[in-house]
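Work through the exercises below with the model open. Each task is followed by a solution in steps.

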Amino acid sequence: MSEDMVTDGYVEIVNIDISSVVIEMMRKKYFNIPQLQYLRMDVRDMSMFPDESFDCAIDKGTLDSLMCGVDAPLSAAQMVLEVDRLIKPGGVFILITYGDPSVRVPHLNQPGCNWKIVLYILPRPNFTGKIRRHVLDPVPLTEKGRLPDGFVPEDPDSHYVYVCEKMQGLTGAGSPTVERQGEE
């Protein structure tokens, strides 16, 4: 994905993975693209980066992987808090996952984070069923960060894309992190 981002004009992209094998493979594969940097790092501890050093972070499957491991809730919390620490106010965290809001929003909506969350639900590229809505329209979340009653994605294997804008101001358990229907 990051090599496509370079084609789209992004000039400085840092890619991390916990696997040294993956990092070395990607360094060799894209050695000729200086805009891409590959670092071996655990997403739960990115302390080599200073606070608020990134405009955007994209996760495509890392949180899903952590949710399958030992101490999943702790690992998820550590990752989300690290991402929150690294994103500048007004910056964006894009989470691409198979996890629906009932299992992902609680991890995003934790003490210390202050996200404005907008959800998109995208069917698989090869999905042949009928979609009743425009897939680029956001799906509203309830005040509790759930899908509206009766809403069922047409493709049961949809991708959930959470676009989380880091808000300025108060953080913590009482902060509003889910945009309420009808509010902007």
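**Exercise 1.** Decide whether Q37 is buried, partly exposed or exposed, and list its contacts.

Solution. Step 1: apply the cut-offs, where buried means under 20% relative accessible area, exposed over 50%, and partly exposed in between (1.4 Å probe, protein chains only). Q37 has 38% relative accessibility, so Q37 counts as partly exposed.
Step 1: Q37 belongs to strand 2 (residues 36-40); strands (E, at least two residues) and helices (H or I, at least four) are DSSP runs, numbered from the N terminus.
Step 2: list the contacts, meaning heavy atoms within 4.5 Å. With neighbours within four places in sequence left aside, Q37 is in contact with I13, V14 and N15.
Step 3: check a distance. From the C-alpha atom of Q37 to that of I23, 14 residues apart along the chain, the separation is 9.5 Å.

A note on the values: this is a predicted model, in which local features need pLDDT of at least 70 and side-chain atom pairs count only at pLDDT 80 or more, while totals for chains, interfaces and linings use all residues. Residues are numbered from 1 along each chain as its sequence is written, and side-chain values use heavy atoms, with hydrogens and water left out.

**Exercise 2.** Describe the interface between domain 1 and domain 2.

Solution. Step 1: take the bounds, which come from an automatic or database domain assignment. Domain 1 covers 1-41 and domain 2 covers 44-166.
Step 1: the C-alpha centres of the two domains are 22 Å apart. Seven residues from domain 1 and eight residues from domain 2 make up the contact.
Step 2: find the buried area, that is, the accessible area (1.4 Å probe) that two parts lose on being put together, summed over both. Domain 1 and domain 2 bury about 530 Å², with 94% of it on carbon and sulfur atoms. M1, V14 and M41 supply 69% of the area that domain 1 buries against domain 2.
Step 3: look for salt bridges, each a side-chain nitrogen of Lys or Arg within 4 Å of a carboxyl oxygen of Asp or Glu. Across this interface the rule finds zero.

**Exercise 3.** Where does E154 lie, and with which residue does E154 form a salt bridge?

Solution. Step 1: E154 is in the loop between strand 5 and strand 6. Its relative accessibility is 17%, so E154 counts as buried.
Step 1: E154 forms a salt bridge with R132, with the closest N and O atoms 3.7 Å apart. Both residues lie in the loop between strand 5 and strand 6, so the pair ties together parts that are 22 residues apart in sequence.
Step 2: R132 is exposed, at a relative accessible area of 66%. The backbone nitrogen of R132 is 3.1 Å from a polar atom of the E154 side chain.
Step 3: beyond neighbours within four places in sequence, the contacts of E154 include F127, K130, I131 and R133.

**Exercise 4.** Which residues are linked with R85 in a network of salt bridges?

Solution. Step 1: the structure holds nine salt bridges. The side chains of R85 and E82 meet in one of them, at 2.8 Å from N to O.
Step 1: R85 and E82 are three residues apart in helix 4, so about one helical turn separates them. E82 counts as buried because its relative accessibility is 11%.
Step 2: the network links D51, E82 and R85.

Key. Polar contact = N/O pair within 3.5 Å; in protein donor to acceptor, adjacent residues only side chain to side chain.
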